[in-house]
Amino acid sequence: MSDELTFHFDVDGENFTSAGHASVKVKKILRELGLDPETIRKVSIAMYEGEINMVIHAGGGEADVSVDDKGVTIVLKDSGPGIEDIDKAMEEGYSTARDNIRSLGFGAGMGLPNMKRYSDEMNIESEVGKGTTITMKVYF
Amino acid sequence: MKVSELIEKAGFRAVTLPDADREIKGAYAGDLLSWVMGRAKADDAWITIMSNINVVAVASLADVACVVLAEDVELDEEIKQTALDREINIISSGMPIYETALEIGKFI
């Protein structure tokens with residue numbers, strides 16, 4: 001894989017039950033590329049958590065995934081409300097999700113911590129009122 | 001052990017079984033989906049009472065061997081179809097989570 005492969009997805013913010021479509025597609029692509037199962041698992045979970053966050057908090061967004069000879073890069077960009085306190089948001093158990101989200105099994109305050117756990121590098125750029133861009137890298 | 005063997009030995013019921021020969025190497029119980037994604041390991045049997053469509057996505061992305069629905073929780077037909085499309089094994093236990101976990105613990 002000397003050439004970089006890139007994939008773009010629009011994440012629908014309206015339909016909560018379809019959240020995860022982009023992650024599932026990426027998982028399928030990575031399997032077809034023959035990546036090892038643990039790398040696929042890390043990328044899939046990190047991206048799914050990010051996708052769910054965009055649906056819960058930001059009304060959707062865009063996901064760009066690229067694969068090169070070093071690893072997988074995931075960029076998640078939304079124009080949502082932004083994260084007021086990133087350090088707080090990174091704490092396990094801290095969540096601003098509403099009760100209806102919690103009843104679906106989300107909103108446990110584990111999304112961003114899981115994204116960090118499963119990515120080798122993670123960078124969050126967020127501005128209140130403008131949006132959030134999260135870049136995650138998973139190396140081979 | 002294989003998912004199909006667990007069903008037989010533990011007296012569980014198959015809900016969707018597209019990959020009956022998948023090996024189970026451990027188990028995890030929990031209903032908070034991010035908690036499951038953070039803690040469950042690949043090839044675990046995941047015991048839960050959650051029954052919404054996101055369970056299928058989490059099972060797929062976390063790469064668990066099967067979902068074990070405790071307390072005879074029922075799934076909508078649409079969710080079963082999605083599970084089949086994504087090759088997710090889902091089995092059902094009539095027991096609560098704790099007893100289900102104890103039962104699985106006898107065999108892995």
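A: Two strands pair if DSSP finds at least two bridges between them; strands (E, at least two residues) and helices (H or I, at least four) are DSSP runs, numbered from the N terminus. This is a predicted model, in which local features need pLDDT of at least 70 and side-chain atom pairs count only at pLDDT 80 or more. Residues are numbered from 1 along each chain, and chains are lettered from A in the order in which they are written.

Q: Which residue of S5(B) is the bridge partner of Arg13(B)?

A: The partner is Ser92(B). S1(B) and S5(B) pair in the antiparallel sense over 3 bridges.

Q: What is the order of the strands in the open sheet of chain B?

A: The 5 strands run S1-S5-S4-S3-S2, with mixed pairing. S1 (13–16) and S2 (26–29) of chain B each have a single partner strand, so one side of each has no neighbour in the sheet.

Q: How are two packed helices described?

A: The description uses the angle between their axes and the distance between the axes. Axes are lines fitted to C-alpha atoms, for helices over the stretch in contact, and angles run from 0 to 180 degrees between N-to-C directions. In chain A, the axes of H1 (residues 21–32) and H2 (residues 37–58) come within 8 Å and cross at roughly 165°. H1(A) is therefore roughly antiparallel to H2(A) (an angle over 145 degrees).

Q: Is Ile88(B) buried or exposed?

A: Buried means under 20% relative accessible area and exposed over 50%, with a 1.4 Å probe and protein chains only. Ile88(B) is buried, at 7%. Ile88(B) lies in the loop between H4 (77–85) and S5 (90–92) of chain B.

Methods:
Side-chain values use heavy atoms; hydrogens and water are left out. Angles under 35 degrees count as roughly parallel, over 145 as roughly antiparallel, 65 to 115 as roughly perpendicular and the rest as oblique.
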